[in-house]
Amino acid sequence: MNRSKIIQMVIVLAAIVVIASSISRFVSRDSLSLSEYMQQNPGQSPSGPPLSQENSPVQSTAPPEEGSPVQSAVPHSPEESALTGAALNGLSQAQERTTLEEGFYYEPISHRLRRYMTGLSLSGEEDPEEIEDLCYVHILHYDFGGNPVEGELICSRLIAQDLLEIFHELYLNEYRIEKVLLAEEYSGDMAAAIEDNNTFCFGGRTQEDSHSTRHSQGLAVDINPLYNPYVSYGEDGAREVFPSSGAPSAEAPLENPGLDYGDRRQDYPYKIDENDLCYKLFLEHGFTWGGNWNDAKGYMHFQKPAPSQGSSD
């Protein structure tokens, strides 16, 4: 091979290298390595918006007080619920679920939930038809801190739709209810649930008075009971307030005069009266209010009569 041909080949190869290099720079001029991208876009994911406290998947929450029933924040999905009834029912009753809006639904109680309730709110000797009539109700509500949280109740199917509509309207108006947990969280003890200012429906299987009977039928709801107590009067006219924490103690009746929630002449938060939204909604749905009783006053209490009974009580 002569010298001129060798020079021509070298020139051609050099031209090919130059052209290839130029094409490569043109194609990759907008390309960045992952490390270069993160350096130029700190705090941003290559495939999504900047990560912030609001959209970060990790959120810190204060632990509940020791021994206190758990109240759950609004979950991203039903499987994430920390509520007992929601966890026991799971998705087993989803095909029979009636939904009003997201977070507001009722469905039959599952076998697992029924087993949990037996020995607490259920004695195991109830009429099977009465048990089949009970529903699990899931709601959302605003707690006293103004936070939207989950709530759950067990009720008769006769009032399940009423409760969905009432609590949904309360939620839209950011009506404050401290907690809405099953009475079973208190071993089925209505008194303990009331002392803890828990809003609940079904419970009280050992109670025999007519008002507690409505609870055992799943036809009554108590709302913020600490601030709306049960007030009765003895033969001597002495007033008794339940829960007892809703009134000053007998030893120091003037020590905390602002805590006398049995005195309805006072003005304080969470008080239910005839101007209150909760009162108006329950009465619109056919419930009666314990604040209108003659023998005593149950300011926390709304109930609906069973179909075969009148509404006089």
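Analyst: Gladly! After helix α9 comes Gly286, whose phi is positive, near 90°. Helices here are DSSP runs of H or I with at least four residues, strands are E runs of at least two, and both are numbered from the N terminus. This is a predicted model, in which local features need pLDDT of at least 70 and side-chain atom pairs count only at pLDDT 80 or more, while totals for chains, interfaces and linings use all residues. Residues are numbered from 1 along each chain as its sequence is written, and side-chain values use heavy atoms, with hydrogens and water left out.

User: What is the mean pLDDT of the chain?

Analyst: The mean is 78, and 67% of the residues reach 70 or more. pLDDT is the predictor's confidence in each residue, from 0 to 100.

User: Where does pLDDT stay under 50?

Analyst: One such stretch is residues 26-64, for which the model has 14 contacts beyond four places in sequence; a contact means heavy atoms within 4.5 Å. Another is residues 251-255, with 1 contact of that kind. Where pLDDT is low, the predicted coordinates should not be read in detail.

User: Which residues of α9 are called buried?

Analyst: In α9, residues 277-284, they are Cys278, Tyr279, Leu281 and Phe282. The word buried stands for under 20% relative accessible area, with exposed over 50% and partly exposed in between (1.4 Å probe, protein chains only). Their cover includes α6 (157-172), β7 (220-222), β10 (288-290) and β11 (297-303).

User: How many aromatic pairs are there in the whole structure?

Analyst: A search finds 13. Rings of Phe, Tyr and Trp (its six-membered ring) pair if their centres lie within 6.5 Å; planes under 30 degrees apart count as stacked, over 60 as edge-to-face and the rest as tilted.

User: Why is the pair of Tyr279 and Trp289 called edge-to-face?

Analyst: The ring centres of Tyr279 and Trp289 are 5.1 Å apart and the planes stand at 80°, so the pair is edge-to-face. Tyr279 belongs to helix α9 and Trp289 to strand β10, so the pair ties together parts 10 residues apart in sequence. Both Tyr279 and Trp289 are buried.

User: What makes Phe282 and Phe287 an edge-to-face pair?

Analyst: With centres 5.0 Å apart and planes at 85°, the rings of Phe282 and Phe287 are edge-to-face, because of that angle. Phe282 and Phe287 are both buried.

User: How do you know that the charged end of Arg264 sits over the ring of Tyr299?

Analyst: The charged end of Arg264 is 4.2 Å from the centre of the Tyr299 ring. A charge sits over a ring if NZ of Lys or CZ of Arg is within 6 Å of the ring centre and within 35 degrees of the ring normal. Lys271 likewise lies over the face of Tyr268, at 5.7 Å from the ring centre.
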